[in-house]
Amino acid sequence: MEPAAADGDARRAEEPAPPLVSLRPLGLDDTDDFMAWASDDRVMRYLKRPLCANREQAVAQIRDTVLGHPWFRAVCVDGGHPVGQVSVWPYADDGGRRANIGYALAHDHWGRGIVAAAIKMVVGRVFDELPGLERLEAVTDVENVRSQRVLEKAGFHNEGILRSYIAGRAGGKAKDAVIYSFLSSDRA
Amino acid sequence: MEQSSQETPRAVEVTLRPFELSDVDAMMVWASDPQVAAVCSWDAYESTEPLLAFIRDAVLPHPWYRAICLAGEDRPVGAVLMMPTGDLCRAEIGYHLARAHWGKGVATAAVKRTVAALFDEMEGLERVEALVDVANPASQRVLEKAGFTREAVLRKYCAIKGVVKDMVMFSFINTDPLVE
């Protein structure tokens, strides 16, 4: 494994090797791990998925929105249990050419480069696994700087700011968004 | 209605109204024009029967599809429509115009009217957006003159007639001043 790349942060130079990230399908057996992030508003606040308040809701969400999903993966670290999720959802009206990428990571694991690593892995394989896919896009709230950094690290292109694009929560005002893309032709 | 003042020599007045089946012949003027169809997902119509079916099955039941008429005239010269997105706060618009009326400010006038009407009629609407091919500067100018903001070029965003396009995203949000 490559040594950790210098990223300008002096603290990181002393840290142990970056976590080894792997992706695998997520199933009902993973419900308890899924709850760790799916019930946490700090994690889920920028996603459209409803928060899971209890185990029954988590089971229902996995059953209804994960098991039949075109491309959904659990994010695991150092061979352990799932600590997050990443998913690619082709838009209905575009013949599978264009898809949206979304992700969530349990709060305890933030700041370790896990999501950036997971997204790089997604980008490395999803264009082969979803034939016809040409454009992967991600839409982040302008306030979600963490997520923007992750996408930039993974090589996504910032295409611009879309005003009042994201529906406000609980009837609040719509939020501005940054739209990113990664094309199949962007792969090195 | 008051006479409009003379300080904007090219000001164009249009009205928007729902389509009727009897508009098929007027619609055929632009629907059969390959130059209009070139930028759309559909092929130019060659006869009125399928167009009549389109009006009946797609236009009449549509949530918001309007005929563009020049002021004082009842015969449509184009169409403007609103396409719902997954969110109530956001709607997309599209428009086409018979070629004889290009370059006269008709589309711009229709888009201005559309934006005002949509914000008035659609509760919770905060953003009207439009996507235009990067290679279609005339349509981009329509939106700019109607007060839209150019936000982004979305690379390889969609395929029109099998050709992948980069599209420019424009928006008009509910706090933008309506353009007279």
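**Chain contact and selected residues**

Modeller: In this predicted model, 26 residues of chain A are in contact with 22 residues of chain B.

Colleague: What area is buried between chain B and chain A?

Modeller: About 1,900 Å², with carbon and sulfur atoms giving 45% of that. On the chain B side, B:Arg155, B:Lys156 and B:Tyr157 supply 36% of the area buried against chain A, more than any other three residues.

Colleague: How many salt bridges are there between chain B and chain A?

Modeller: Five. One of them is between B:Arg155 and A:Asp186, where the closest N and O atoms are 2.7 Å apart.

Colleague: Which elements give two or more residues to the side of chain B that touches chain A?

Modeller: Strands β5 (127-133), β6 (149-160) and β7 (163-173) of chain B. The most comes from β6(B), with 10 residues. By type, that side of chain B has 11 nonpolar, two polar and nine charged residues.

Colleague: Let's move to A:Glu137. Where is A:Glu137 found?

Modeller: In strand β5 of chain A, which runs over residues 135-141.

Colleague: Buried or exposed, that A:Glu137?

Modeller: A:Glu137 has a relative accessible area of 1%, so it counts as buried, the cut-off being under 20%.

Colleague: What does A:Glu137 touch?

Modeller: Leaving out residues up to four places away in sequence, its contacts in chain A are A:Tyr91, A:Arg98, A:Ala99, A:Asn100, A:Ile101, A:Ile179, A:Tyr180 and A:Ser181. From the other chain, B:Tyr157 also touches A:Glu137. B:Tyr157 is one of the three residues that supply 36% of the area chain B buries against chain A.

Colleague: Which side chain is joined to that of A:Glu137 by a polar contact of 2.8 Å?

Modeller: That of A:Arg135.

Colleague: Back to salt bridges. What is the count over all chains?

Modeller: It comes to 28 by this rule. Among them is the pair A:Arg55 and A:Asp32, whose closest N and O atoms are 2.8 Å apart.

Colleague: What about A:Lys175 and A:Asp141?

Modeller: Their side chains form a salt bridge at 3.0 Å, N to O. A:Lys175 lies in strand β7 (residues 175-183) of chain A and A:Asp141 in strand β5 of chain A, so this pair ties together parts 34 residues apart in sequence. A:Lys175 is partly exposed at 26% relative accessibility, whereas A:Asp141 is buried at 5%.

Colleague: And in chain B, how far apart are B:Asp87 and B:Arg90 in their salt bridge?

Modeller: 3.5 Å, N to O. Both B:Asp87 and B:Arg90 are buried. They belong to one network of salt bridges with shared partners, which also includes A:Lys48, A:Arg163, B:Arg127, B:Glu129, B:Glu151 and B:Asp176.

Colleague: Switching to annotation, what does UniProt place at residues 14-174 of chain B?

Modeller: The unreviewed UniProt entry gives the feature "domain: N-acetyltransferase" there. Residues 14-174 of chain B are 30% helix and 36% strand, with the end C-alpha atoms 22 Å apart.

Colleague: Last topic, backbone angles. What is the phi of A:Asp78?

Modeller: Positive, about 50°, although A:Asp78 is not a glycine. Most residues other than glycine have a negative phi. A:Asp78 is in the loop between β2 (72-77) and β3 (82-90) of chain A, and is exposed with a relative accessible area of 52%.

Colleague: What about B:Lys161?

Modeller: B:Lys161 is not a glycine either, and has a positive phi of about 50°. B:Lys161 is in the loop between β6 and β7 of chain B. At 38% relative accessibility, B:Lys161 counts as partly exposed.

Terms used: Residues numbered from 1 in each chain as written. Chains lettered and ligands numbered in written order. Predicted model: local features only at pLDDT ≥ 70, side-chain atom pairs only at ≥ 80, totals over all residues. Heavy atoms only, no water. Helix = DSSP H or I, 4+ residues; strand = E, 2+ residues; numbered from the N terminus. Buried < 20%, exposed > 50% of the residue type's maximum accessible area, 1.4 Å probe, protein only. Polar contact = N/O pair within 3.5 Å; in protein donor to acceptor, adjacent residues only side chain to side chain. Contact = heavy atoms within 4.5 Å. Buried area = accessible area lost by both parts, 1.4 Å probe. Salt bridge = Lys/Arg side-chain N within 4 Å of Asp/Glu carboxyl O. Nonpolar A, V, L, I, M, F, W, Y, C, P; charged D, E, K, R; others polar. UniProt positions renumbered as here; feature names shortened; annotations may be inferred.
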